[in-house]
Amino acid sequence: QQLDESLTELENHKSRCVILTSASSRIFSAGADLKERKTMTPDQAQAFVTKLRQTMHRVSTLPMPVVAAVCGTAVGGGLELALCA
């Protein structure tokens, strides 16, 4: 949700570049919560994956350079986010 809101702001901002970082010094991103996903219905899981793909596409099409400052582990969706940068 926060990333989605930030992307909306960035799409209309005149920033020179975006640097994606983590609040943790050990993990860039651990990806999606698979325990939460296990409780989703097939329709909910599909909606989640669709939203995730849309978000990754938005990152990759921002009008300014995007750099992923990966420090630590980046797996699953976190690795995909870094690769979109």
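Start by selecting E11 and R58: their side chains form a salt bridge, with the closest N and O atoms 2.9 Å apart. Keep in mind as you look around that this is a predicted model. E11 sits in helix α1 and R58 in helix α3, so this contact ties together parts that are 47 residues apart in sequence.

Now colour the two residues by accessibility. E11 comes out as partly exposed, at 33% relative accessibility. R58 is buried, with a relative accessible area of 17%, which is under the 20% cut-off for that label.

D4 belongs to helix α1 and R58 to helix α3, so the pair connects parts 54 residues apart in sequence. D4 is buried as well, its relative accessible area being 16%.

Next, keep D4 and select K51. These two also form a salt bridge, and their closest N and O atoms are 3.2 Å apart. The partners come from distant parts of the chain, 47 residues apart: K51 is in helix α3, which spans residues 42–60, and D4 is in helix α1, which spans residues 2–11. Is K51 buried, exposed or partly exposed? At 40% relative accessibility, K51 counts as partly exposed.

To finish, show the whole set together. How many salt bridges does the structure hold? There are three. Which residues do the shared partners join into one network? Select D4, E11, K51 and R58, and you have that network on screen.

Conventions:
Residues are numbered from 1 along each chain as its sequence is written. This is a predicted model: local features need pLDDT of at least 70, side-chain atom pairs count only at pLDDT 80 or more; totals for chains, interfaces and linings use all residues. Side-chain values use heavy atoms; hydrogens and water are left out. A salt bridge is a side-chain nitrogen of Lys or Arg within 4 Å of a carboxyl oxygen of Asp or Glu. Helices (H or I, at least four residues) and strands (E, at least two) are DSSP runs, numbered from the N terminus. Buried means under 20% relative accessible area, exposed over 50%, partly exposed in between (1.4 Å probe, protein chains only).
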